[in-house]
Amino acid sequence: MDTNRFVIFTDGSSRGNPGPGGYGAILLDEKNGQITEIGGHEEHTTNNRMELKAAIEALLMVRKISIAAEHKELFETVIHSDSTYVLNGITRWVKTWEKNNWMTGQNEGVLNQDLWQPLLELSRDREMRGGLVWKKVSGHAGVLGNERADIIATSFADQTSILLFSGTVADYEKMLGAELKDMTPKTTKKKTTSATKAKKTKGVAYSYVSMVNGELHLDKTWAVCEKRVKGVKGAKYQKAMTKEEEQDLIAKFSLESLVE
C-alpha cells in the first residue's frame, strides 16, 4: 500500500452497564501494510466509558507505531466507531464542555470527563499531524473491522481468551476471510422458525434499558427494571427486543442526558 494513512475501528462493551467491560481496536497502517489489534478489560465500567477508552488507546497506539516506524511526514488518521455518544461528543459537544469548564447546561460536571479530556488532547495532536477524521459505521452490520472490534471488546469484557493479531494485512484478511476496508453492510436473511415467531408474538424482551439519576442500567427482566425505576422522578426506561435495539437505546438515553 502506498497511502500514508492510519485506518482504525474501535468498539466497547460492558456487562451490566455498569459492570465488567472491555474495549477493542484494530489499527491499519496503510503505508507499511501492517495490522495491529489492541484490547483491554476493566472490572467496573460502562459501555460508554469503554467506547471512549477504545478511541483513546487506539490514538495512543498510533503515536507509538508511528514513532517506531519512523513516520516523519504527516499522515491522516481515520477512526470508525458505531458509538453515537463518542462521535457526537468529540465532534460537537466537547469544545462547549471545555469552554464551560467541563460543566453541562444544568451546571453539573460532564459525565466521563476523565476520559473526554485525554481524548480531546489526543485528537488535537492528531489533527496537527496530518488530520483526524471520525466516521460512523453501522454496528452489527457485517463490516469486518467493526465486527472484529466488537469480538475483541466483548472477549475482554467476559475475560475469555482471544489472540490479538499483529502482522500483515494480507495475513489478517486471509485469517478473517474478508477485506478490512470493505464498508458495505452485509445483510443476511435469517430463517424464521416457529420458536422465533412465538417469541416475537409473546414480545419476549432481549433486555430493559433504563436511565436513573444519570446512570444507565441493563436488566434482563421487567421485574428488576420496574423495581429500579418505580417512583424515581425523571427515570427513563424502554424494552429492547434485540441487541441492536439495546445499543440504540443506550445511545439515545446517553445523548438525551447530555442535552437535558
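Trp-97 is buried, its relative accessible area being 5%. This value belongs to a predicted model, as do those that follow. The ring of Trp-97 pairs with the ring of Trp-102: the centres lie 6.5 Å apart and the planes meet at 45 degrees, so the pair is tilted. Trp-102 is buried as well, with a relative accessible area of 6%.

Aromatic pairs number 8 across the whole structure. One of these joins Trp-93 and Trp-97, whose ring centres are 6.2 Å apart with planes at 45 degrees, so this pair too is tilted. Both residues lie in helix α2, and because they are 4 residues apart there, about one helical turn separates them. Trp-93 is buried at a relative accessible area of 14%. Together with Tyr-85, Trp-102 and Trp-116, the residues Trp-93 and Trp-97 form one aromatic cluster.

## The six-stranded sheet

The model contains an open sheet of 6 strands in the order β5-β4-β1-β2-β3-β6, and its pairing is mixed. Its edges are formed by β5 (132–136) and β6 (166–168), each of which pairs on one side only. On average, and with direction ignored, neighbouring strands of this sheet are turned by 20 degrees against each other.

Within the sheet, β1 (residues 5–14) and β4 (residues 76–81) run parallel and are joined by 6 bridges. Phe-6 stands opposite Thr-77 in β4. Helix α1 (residues 47–68) packs on this sheet, where it touches β1, β2 (19–29), β3 (34–45), β4 and β5; the direction of α1 makes about 150 degrees with that of β1. Helix α2 (residues 84–99) also packs on the sheet, touching β4 and β5, and its direction makes about 145 degrees with that of β5.

## Helix α1 and its partners

Helix α1 packs against helix α3 (residues 113–128) at an angle of about 35 degrees, and the two axes are 10 Å apart. The crossing of α1 and α3 is left-handed. From α1, the contact involves Arg-49, Leu-52, Ala-55, Ile-56, Leu-59, Leu-60, Val-62 and Arg-63; from α3, the residues they meet include Trp-116, Pro-118, Leu-119 and Leu-122. By class, the residues of this contact comprise 11 nonpolar, 1 polar and 5 charged. Trp-116, on the α3 side of the contact, is also a member of the aromatic cluster.

Asn-48 is another residue of helix α1. Its relative accessibility is 9%, so Asn-48 counts as buried. Apart from neighbours within four places in sequence, Asn-48 is in contact with Tyr-85, Asn-112, Leu-216, Ile-250 and Ser-254. Of these contacts, Tyr-85 belongs to the aromatic cluster.

## The three-stranded sheet

An open sheet of 3 strands has the order β8-β7-β9, with antiparallel pairing. Its edge strands, β8 (215–219) and β9 (236–240), each pair on one side only. Neighbouring strands of this sheet are turned against each other by 15 degrees on average, direction ignored.

Strand β7 (residues 207–212) runs antiparallel to β9, and 5 bridges join them. Ser-207 stands opposite Ala-240 in β9. Helix α7 (residues 222–229) packs on this sheet and touches β7, β8 and β9, its direction making about 10 degrees with that of β7.

Terms used: Residues numbered from 1 in each chain as written. Predicted model: local features only at pLDDT ≥ 70, side-chain atom pairs only at ≥ 80, totals over all residues. Heavy atoms only, no water. Pairing = 2+ DSSP bridges. Helix = DSSP H or I, 4+ residues; strand = E, 2+ residues; numbered from the N terminus. Axes fitted to C-alpha atoms, helices over the stretch in contact; angles between N-to-C directions. Contact = heavy atoms within 4.5 Å. Left-handed = near helix turned anticlockwise from the far one by under 90°. Nonpolar A, V, L, I, M, F, W, Y, C, P; charged D, E, K, R; others polar. Buried < 20%, exposed > 50% of the residue type's maximum accessible area, 1.4 Å probe, protein only. Phe/Tyr/Trp six-rings, centres within 6.5 Å; stacked < 30°, edge-to-face > 60°.
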